[in-house]
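Thanks, everyone. Let me put the model up, and then we will walk through it.

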Amino acid sequence: MTQTDTARIDTTRIDTRPQETPVGLPRRAVTIQLDGHEIKVPEGATILDACESRGTAVPTLCYGDTLDPVNACRLCVVEVENSRVLVPSCSRKVEPGMVVHTDTERVRHSRKMVLELLGSSVDLSAAPSVAGWMKQYGADPTRYGEIAKTVKQPVKIDNELYVRDYSRCILCYKCVDACGEQWQNSFAITVAGRGFDAHISTEFGVELPESACVYCGNCIAVCPTGALMFKTEHDMRELGTWDESAQRQTDTICPYCGVGCTLTLHTQDNEIVKVTSPLDHSVTSGNLCIKGRFGFQHVQNHKRD
Amino acid sequence: MDLRFPEAEPTVAEVQALDAVLGVSVVAQGWEREHGGAHRASALRPRLLGALHALQDRVGWISPGGLGELSRRLDVPPADAYGVASFYAMFALEQRPTTVVHVCADLACQTLGAGALLDSVEATCGIPNESGGTASWHPSPCLGLCERGPAVLVTVAGDPPREAVIAPATPDDVAVALRTGPNALAEQAAVVAAVPQAASADSAANLVLLKRVGVVDPLSVDDYRAHGGYQALRAAVAMGPANVIREVTESNLVGRGGAAFPAGRKWAAVAGQPVRTHYLVCNADESEPGTFKDRVIIEGDPFSVIEAMTICAYATGCEIGYVYLRGEYPRAREHLQHAIQAARERGLLGPDVMGFGFAFDIEIVRGAGAYICGEETAIFNSIEGYRGEPRSKPPFPVEVGLFGKPTVVNNVETLVNVLPIMLIGGPAFASIGTTGSTGTKVFCVSGSVERAGVYEVPFGVTLRELIDLAGGVPKGRSLKAVLMGGAAGSFVRADEIDFPLTLEGARAANTTLGSGVVMVLDDSVDMAVFLRRIAAFFRDESCGQCVPCRVGTVRQEEALVRLTIGPRQEHDMVLLREVGQVMRDASICGLGQTAWSAIESAIDRLGVLT
């Protein structure tokens, strides 16, 4: 039995950046089959959009709400009939008559293995949801043995604002895209090297103060695994005082300029420990500048007390 | 936003090297056409790869000063340029001696004593990649000289830079090269030595694609014309673009690079795209271990490649063609560059080809040591000056290819097949070979055979007949297995070699023809060492973009080392299969998808590791 339901697509999910005024023809609905159910989704939507419209959970790591999908992690793969290999749901667009399965043996195997391969080589402890997926898919990163090669390396601390802990890096390209043409256009970092040795780097690995970095912190905002982290957060984690359950988030407006970006202040024990901006915000799309992101010390300058 | 460039100053030599290369290349034409220099990246970005070669050739490495100067001139972010340079094995980002000896450590050479050569070189010349002194050496992936291994490539940076091939090489040769550079070495073997069938008039008479190799002077356009050259283009223009595509379609020609996609369908798809410009990319990045056919064709008959590309361009409306030639082929580059220049001078390339009223020109893009760049979309990124990482498909190249435009990507051998199709017609071509596999196929026979080389036979001869044609395994040895299709292919046992060499025959025999690699292994080959080399090859050549391949190739090698050397874990075989499965199912491109094929077949068919 197949059931037909008209899917509700949250269009902001497809591209949250300021949309151009639609001048073309309205988008047609495409009928596809998802796990045995016939559904209609707008033309141009991805399989992931379709899954979300039906409430089908699909794990993602390198998918970034505000960035073009690079489909590098392969965690979101699904099985599409008549396709020799599995397809990344985050970037494959729906086609009429597509028959998609999100929970087959092959899909579960690939997701389990991607989690295991990452888990055995990268520190995923600061990546939300991963532990749950590991359990769900039965991933056991320890079975690759003690000698399994990892990306473990010392944390790079070369400035007072944020640290780069590439032991946690899954090479999702999001920081590079955010630093480059998709958001900041600073082009301070790149993927360098090849294969397992591929890594995020400045030119010749120079420290950030010598690079083109402008400390906007937009790379931190998109990092899915905590490889890029406020120095405050890093220091508190080192001291064991970082406690997200004890934190409050308060939205306010940045005081520095007339753009008026929305800031979300993350506070713990009445101290600002981190600043973000909502990803779905029409002005910032989660991005800030150095002042909004890091210029909060004046708020808690206790010398004045 | 203005870019920020590093402060390191370039040397005079680096400035001269960049002066010489920037401003003369036409590679930038494509990007400049599409974006007018006002897009996300510099209009000059496609010159990046050539500029990196210029620095590497001149001073032997890419220095911070050189990279900074290059970034300034091309208006490319220095981090981006660094990311690109670090992608390619042939670019050094730390200072190293100007003379570098690349000793092939790959599969075919292994069957010919590369292991002993490497050991001996290490004993006499010291450890690899040593930075002191005037020369260093390092083990290299397949150099495409499989018919006369063990092979060595020597590169000497300077003005002019020099490159030389030593094959077969002895430890003494390597020592001489390290001491005095390649000048002291003997001239390399004639191209025709790689075509054993050319030795006798009887077998040479059956050659179609290789008929001119060793017969014509590869440096003379007149000689090419005297041997039937440019008749195919005349025939093509006489019948018109639509009929050219019809003939190619009716010939049932399929791609010879490994994927076997129908060439006619690809051409028709590009020809039918209303979007302009259309591009043609000739894929000459043959890096599959054991493949060297395209090298022989380009070295021995470079004008045939130019003529075939011109026909394709005429039929599909391409104005610019790129030959992406692997960086390890100095003689092929020299011959092809000369041929392109000669063709331009004669009006065979240029704004009005042969007076027929269409424009077409060809540029060589020189690879820099990356197997992945032979992948049909990675090749676009590499030409455009980005890291040679594959793109996801769809969209396919016929719609969104090079510079985002409709693009024909064909292998060298696929293209030269178009010449006989134009001359005898599609249906006549289709009558050669079998119904499912038409025409002739150039096989690269290497390993333990009497006469290694490229063999052109009609589809349908059996693998046994082909091995016999190459003289069989040397006396006193016995056949153990044949690796079909290279590292990305699969093994067949000695008792399985009676299947016909056709696409359908290979499929039925549960193997692949791939790019035409037939690597013959005798009983002296240590399969454990051989399989570890396959695993190491994929680990080295993975671009690192997707998780299944980036980490999977490492885990595959680790498991294989444990299984063959120890200590063996109880579940290692299960692990190997599970890693293999995710690489096959979930990798972005064919590299990861086939990285487990050969090892799987060694376990399942040859009973290795059990």
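One definition before we start: a salt bridge here is a side-chain nitrogen of Lys or Arg within 4 Å of a carboxyl oxygen of Asp or Glu. Keep in mind that this is a predicted model.

Take a case inside chain A. A:Arg237 and A:Glu233 make a salt bridge, with their closest N and O atoms 2.9 Å apart. That sits inside the 4 Å limit, so the pair counts. Where are the two residues? Both belong to helix H6 of chain A, residues 231–239. They are 4 residues apart, about one turn of the helix. Over all chains, the structure holds 55 salt bridges.

Now the interface. How much area is buried between chain A and chain B? About 4300 Å², with carbon and sulfur atoms giving 56% of that. Three residues stand out on the chain A side: A:Leu117, A:Arg194 and A:Phe204. Together they supply 19% of the area that chain A buries against chain B, more than any other three residues.

On to the sheets. Chain A has an open sheet of 3 strands, in the order S11-S12-S13, and the pairing is antiparallel. Strands S11 (247–253) and S13 (271–276) stand at the edges. Each has a single partner strand, so one side of each is left without a neighbour in the sheet. From one strand to the next, the twist averages 30°. Strand S12, residues 262–268, is joined to S13(A) by 5 bridges. Within that pairing, look for A:Thr264 opposite A:Thr276.

Chain B has an open sheet of 4 strands, ordered S7-S6-S5-S8, with parallel pairing. Its edge strands are S7 (361–366) and S8 (407–411), and each pairs on one side only. Here the twist averages 20° from one strand to the next. Strand S6 of chain B, residues 318–325, pairs with S7(B) over 6 bridges, in the parallel sense. B:Leu325 has B:Arg366 in S7(B) as its bridge partner.

A helix packs on that sheet. This is H16 of chain B, residues 330–345, and it touches S6 and S7 of chain B. The direction of H16 makes about 160° with that of S7(B).

Last stop: a hairpin in chain B. Strands S3 (152–156) and S4 (162–166) pair in the antiparallel sense, over 5 bridges. B:Val152 stands opposite B:Ile166 in S4(B). The hairpin leaves 5 residues between S3(B) and S4(B). One residue in the turn to look at is B:Gly158, with a positive phi of about 155°.

That is the tour. Questions are welcome.

Conventions. Residues numbered from 1 in each chain as written. Chains lettered and ligands numbered in written order. Predicted model: local features only at pLDDT ≥ 70, side-chain atom pairs only at ≥ 80, totals over all residues. Heavy atoms only, no water. Buried area = accessible area lost by both parts, 1.4 Å probe. Pairing = 2+ DSSP bridges. Helix = DSSP H or I, 4+ residues; strand = E, 2+ residues; numbered from the N terminus. Axes fitted to C-alpha atoms, helices over the stretch in contact; angles between N-to-C directions. Contact = heavy atoms within 4.5 Å.
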